[in-house]
Amino acid sequence: MFVRLVYESFRRQKRRKVLAGAAITLGVTVATAMIAVATDIGDKINRELRTIGANLVVTPQEDSLDVEIGGVNLKPPTDGAFLSEADLPKIKGIFWHNNIVGFAPILPVSAAIPHEGKPQDVTLTGTYFAKKVSYGNEEFVTGAKTLYPWWKVSGAWPDDNSRDVLIGERLAAKLNQKPGNTITISGRQCRIDGILSTGGAEDDEVIAPLSLAQEILGKPDAVKRVYVSALTKPEDAFARRDPKSLSGAIYDRWYCTPYPQAIALQLTEAMSHSHAEQIRQVAQNEGAVLTRIEGLIFLITLAALFASGLAVSAAMATAIFERRAEVGLMKALGAGKLAVASVFFAEAALMALIGGAVGFGIGSALAHQIGHSIFNSQISISPVLLPVILAIAVIVTFAGSAMAIRRAVSLDPVFALRGEL
Amino acid sequence: MSHQARDLAATRAHAPHTSMFLRMLVRAAVLRRGRAASALFAMVVAAAVATAMLNLYVDVQAKLQREFRNYGANIILVGKDGASLPDGTLAQVDSALAGRGIAAPFGLVVARTADGQPIVVAGVEFDRVKQLDHWWSVSAWPATENPHLSQNRGEVEHPVLVGVRALPLVSPKNQPFDLSFQGRKLHVTPAGTVQTGAAEDSRLYVSLADFISWAGVQPSTIEVAASGSAAEVAAVMTQLAQAIPAAEVRPVRQIMEGEARVLGKTRATLLAAAALIILTAALCVLSTLMGWVFDRRRDFAIMKALGASERLLNGFFAAEAAALGATGAMIGFLVGIGIAAWIGRANFHAPVVPRMGVLPIVLAGSMAVTLISAILPISLLRRVQPAVILRGE
């Protein structure tokens, strides 16, 4: 009998059920989409923040002091220690290798370019442009192109295995060179593929494939510094603790959290005779920006959940209020308060489940669409969320109906049937 | 009919027609307090959420731009062809900025330590650097009143901030040491260390006054953190370039582009969220109000049966809806400003400034939603005979 009551109610009152169901579906859609966006926004903004450049730098452990003004090194470049290029792929072998967005080795050397009869001293920086590196079975492409999105090249990016170079825009103007020209750098014929504009020290430099810089320096395998761009978790008090003072499980927790410090330590371990450190200008500030944006979206998600909860309650209340006469009839036929309430709650639960499931599907699609159109990447929504969302939908629907159901069952059937209320 | 009632009827007969209309409006709200209150509540919530979202959307840019200024300079002035900047440049930069940012001069030379090691020494105004470069991890900033006398010998002391990588080389025991530049010596006392993970770690920082009198070199670089939107920063750049022809004005492109991207994406996300939330809230109002109007089909039928014209009926429900929308919007606007201010305080540690420009939008939106939700059921009911409604079918 109970089942039939519920079933007939759905079959006969299609318009009302569709209206209330639509409200639940919409509410769950918004809730699902906002939760998905809120859980993923940190990662998305973190990736956008990586456009500011590297947040970690690896230097040789026993390095001598840099004597550098405005990007120009005033020391003989053969001085000091070097890192080994062969160690570079190991960066992708650290615990947080999935958080490494990219890295680029740097080897500045001084070179001479003949200009108007006499040699002109310039800084030539060897690096990766978009180099294919493999570690184990994994292959990936990394270099200046991914690490420094603000580098503008007019012409083409050189190939990493060639002897083609990029030339900074101020240097190009001084030497009167343009893409396609061939210049002699320290006795080697190199083709200029493009003019580089960065707004920084690179505008006065020649940027060349790493192998060319190593050749000029006469030190194959040498790398002066490695800039690493990694997705990190904003630093907190725990992050700042000295890992040496931590014991067992606490150390593991520190090590397995993508704090800038923890990734720096892992980089130091991965490369021999190296010292990795966070570039505080980038690493410190991105934590602050990230925390603010995450906090904002979190608060807005709360607002969205509240609004959708309210929408569901309002729709349910209206739907039940319209059915006073039915309640009156049931009560007149001898149904108790409990029996009437359980019919309504069963209907509410059924609608919450159906509306919730449909809303979850639409909400996921919506989140996907938002991720695609704003961030050009996927916002993934884990299926684990489905039962949580369904539970929330049922609770909110119950909460929204409770008041209306309580009022409906306490009606005097006589008045309800006469339509006076 | 009692005497009193006759008097009442007489006064009412002479009252203007509008008062009946008004009385109907007021009575409709008072008699069905519960339903009217729930409709108003839905309207207030929707307007509040819309106000808060729109306010945040407008304000978040300014808030995040402030966060991005912690990245330091977004404009750099350097002397053309590596020359020093002329005297008084800093004052010109300050007047061009007019409080819309902070500028810090840097003078750089390569000096030698006592054992002949080359080292970069920078002259800075510690006060300004402290404000510009928040990320510098400094153990102790040198005291800024300078020169100050050391207690024992009455000698002028020159404090120096030592980069962490330079420290073991120049002053492993934190003792005072000598620097020489072109034969001139400067005796400096370490005040603290600086760590940034970048070039600063290998440098020494002395006060600009000490730097100029010792090295005889004027600062060659001024770093400027200009606040405001991308357009405002660009305006500051052109202003600086015009005011100081001896300097080359360069944007720090990595900071500017990163900022533009993050701001753009955040605002887009916020807009999407705002659209979703406002849509939900509007639909909530729509369903509540339509339910309310539908519930009053008896009132509608009685009015019609008593001879009310279509125009009057439409006018009555429309006026009711408009009044509800306007009241809800006003209350909701105030609540929404409160919510936005609270979010600003909780998340950005600065209140979100109320934008009055949001009010007309919220007001118009609210009234549009309430009008639609009143007119829609009315146009459905109009086709039905009053007798059918009154019989409760």
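How many helices and strands does chain A have?

Mentor: Chain A has 12 helices and 16 strands; helices (H or I, at least four residues) and strands (E, at least two) are DSSP runs, numbered from the N terminus. With a radius of gyration of 33 Å, well over the 22 Å that the globule rule gives for 421 residues, chain A is more spread out than a compact globule. That radius is taken over C-alpha atoms, and the rule is 2.2 Å times the number of residues to the power 0.38. Along the principal axes, the C-alpha atoms of chain A fill a box of roughly 110 × 50 × 35 Å.

Some conventions are needed before the details. This is a predicted model, in which local features need pLDDT of at least 70 and side-chain atom pairs count only at pLDDT 80 or more, whereas totals for chains, interfaces and linings use all residues. Residues are numbered from 1 along each chain as its sequence is written, chains are lettered from A and ligands numbered from 1 in the order in which they are written, and side-chain values use heavy atoms, with hydrogens and water left out.

The confidence of the prediction comes next. The mean pLDDT of chain A (the predictor's confidence in each residue, from 0 to 100) is 86, and 97% of the residues score at least 70. Where pLDDT is low, the predicted coordinates should not be read in detail.

Chain A is divided into domain 1 (2-45 + 289-418) and domain 2 (55-278); the bounds come from an automatic or database domain assignment. The C-alpha centres of these two domains of chain A lie 54 Å apart. Of the contacts in chain A with a separation of 6 or more, 76% are between residues 24 or more positions apart, where contact means heavy atoms within 4.5 Å. Buried residues make up 53% of the 421 residues in chain A; buried means under 20% relative accessible area, exposed over 50%, and partly exposed in between (1.4 Å probe, protein chains only). The accessible surface of chain A comes to about 18300 Å², of which carbon and sulfur atoms contribute 59%. Such areas come from the Shrake-Rupley method with a 1.4 Å probe, and for residues only the protein chains shown count as cover.

Three residues of chain A illustrate these descriptions. D87(A) lies in the loop between strand 4 (83-84) and strand 5 (100-115) of chain A. Its relative accessible area is 7%, so D87(A) is buried. Leaving aside neighbours within four places in sequence, D87(A) is in contact with M271(A) and S272(A). The side chains of D87(A) and S272(A) also make a polar contact of 2.7 Å. A polar contact is a pair of N or O atoms within 3.5 Å; within protein, one must be able to donate a hydrogen and the other to accept it, and residues adjacent in sequence count only if both atoms are side-chain atoms.

R323(A) lies in the loop between helix 8 (280-321) and helix 9 (324-332) of chain A. R323(A) is buried because its relative accessible area is 4%. Not counting residues up to four places away in sequence, R323(A) touches S9(A), Q13(A), R16(A), K17(A), F344(A) and E347(A). By C-alpha atoms, R323(A) is separated by 36 Å from A36(A), 287 residues away along the chain.

I395(A), by contrast, lies in helix 11 (residues 385-409) of chain A and counts as exposed, at 57% relative accessibility. I395(A) and A348(A) are 47 residues apart in sequence, with 9.9 Å between their C-alpha atoms.

Chain A also has a partner. R250(B), in strand 11 (residues 247-251) of chain B, is buried, with a relative accessible area of 18%. Not counting residues up to four places away in sequence, R250(B) touches several residues, including R170(A), G199(A) and G200(A) of chain A and N74(B) of chain B. The side chain of R250(B) is joined to that of E248(B) by a polar contact of 3.4 Å. Chain B itself has 13 helices and 11 strands, and 47% of its 393 residues count as buried.
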